[in-house]
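Trainee: I have a new model open and would like a close look at a single part of it. Could you walk me through one spot and then connect it to its surroundings?

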Amino acid sequence: MKTVIGERHGMGLFGKAAALAGVLLAVMLGASRQACAGADAPPSSAVLRAVATTGMIADVAREVGGPRVEVKALMGEGVDPHLYKASPGDVRAMSDADVILYNGLHLEGRMADVIVKMAGSGGGRRAVVRVTEGIEESRLREPEEFEGHFDPHVWFDVALWTGVVGSVEAVFTEKDPAGKDGYAARAAEYRALLRELHEYAKATLATIPPDRRVLVTAHDAFGYFGAAYGIEVMAIQGISTDSEASLQGINALVDTLVSRKIPAVFIESSVPRKTVDALIEGCKGRGHTVTVGGELFSDAVGREGTLEQTYAGMVLHNVDTITRALGGSVPAQKPGRIAAHVEKWAGGAGAPARDDD
Ligand code: ZN
């Protein structure tokens, strides 16, 4: 009798527990289904998840990956990579990724630890790639003031940046061999656009009168740009923004601007403009008027949904802005592939305000 009651009692408890577990399971399933339908879910056609540190790298990944790769950029508009620290959300995104793409050469100065950690974990499932590995080391700048390190701002020489396309294509193909032909075709297409962009930059910047080919910016990001396109480059701060601009440095630059009658200086979207303003004030005090030639995209791409969010758009903006401000002439008609790229972004919800039409 006792046993029977016990059994009944036991059954009753089991029954309640089972019902409760069923409810809990249903709630959990519902919740996870909702999570899958959220913004984090990859598009149905995507095979790989890639995380890129900068917008420039993310753009290469989108161009090469096409519909097969879901790409997330950690650093958006106006973000300074020299100072950027990974957020908990970034770490989660990197943990979930199949491929992590970073610039290296000390650009992501405060993310080194987390990148190393990602490379060492994941049991080989996750590929962590320094995209600048695709660039011949002999072509990297080694500025004196950077004390034995390479200049990380390689994207400013379009021909050099083309080397990155190979790094991205190789890792996507390794992780998703079935997509090989598509990656190869899109990479070839993108390389052709970059070749045209490089020639466009050379030809357009060459219209600036020789004595005006001086680019003055907030930090020393344009070394490769200067070397590739024949522009003398001067900056208030060094290669990294992770140091204070000195008053001495500003005064020396004011001397140069005044004595060489340099008409314009440039601000950068990812660096506060106060040092550039100090430069302008300094020149004014010496009777020389300097204007702001415009805002350049140095270490970050432009606003999401605009042409300048793409690498090609950012380069175009910089080349045209610099050329105009320093007295050169910007061609009214862009070459074929560039024109088609611009056209893709024109008229969209976030279409850029074009000032050269
Ligand atoms: Zn920089």
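Trainee: Within what distance do the axes of helix H6 and helix H10 come, and at roughly what angle do they cross?

Mentor: Happy to. First, a word on the ground rules: this is a predicted model, in which local features need pLDDT of at least 70, side-chain atom pairs count only at pLDDT 80 or more, and totals for chains, interfaces and linings use all residues. Residues are numbered from 1 along each chain as its sequence is written.

Now your pair. The axes of H6 (residues 180-205) and H10 (residues 311-325) come within 10 Å and cross at roughly 5°. Helices here are DSSP runs of H or I with at least four residues, strands are runs of E with at least two, and both are numbered from the N terminus. Axes are lines fitted to C-alpha atoms, for helices over the stretch in contact, and angles run from 0 to 180 degrees between N-to-C directions. H6 is therefore roughly parallel to H10, a label for angles under 35 degrees. On the H6 side, the contact is made by Leu 193, Leu 197, Ala 201, Thr 204 and Leu 205, and H10 brings Ala 312, Val 315, Val 319, Ile 322 and Thr 323. Contact means that C-beta atoms, placed from the backbone, lie within 7 Å. These residues divide into eight nonpolar, two polar and no charged; Ala, Val, Leu, Ile, Met, Phe, Trp, Tyr, Cys and Pro count as nonpolar, Asp, Glu, Lys and Arg as charged, and the others, Gly among them, as polar.

Both helices lead us to helix H2 (residues 55-65): what covers its buried residues includes H6 and H10, along with strands E1 (48-52), E2 and E3 and helix H5 (158-175). A residue is buried if 20 or more other C-beta atoms lie within 10 Å of its own. For H2 that holds for 11 of the 11 residues, so this helix is largely enclosed by the rest of the structure. The charged-type names Asp 59, Arg 62 and Glu 63 are among the buried residues of H2.

E3 (residues 99-102) pairs with E4 over four bridges, and Tyr 102 stands opposite Arg 130 in E4.

Key. Two strands pair if DSSP finds at least two bridges between them. Angles under 35 degrees count as roughly parallel, over 145 as roughly antiparallel, 65 to 115 as roughly perpendicular and the rest as oblique. Two residues are in contact if their C-beta atoms, placed from the backbone, lie within 7 Å. A residue is buried if 20 or more other C-beta atoms lie within 10 Å of its own, exposed if 12 or fewer, and partly exposed in between; C-beta atoms are placed from the backbone.
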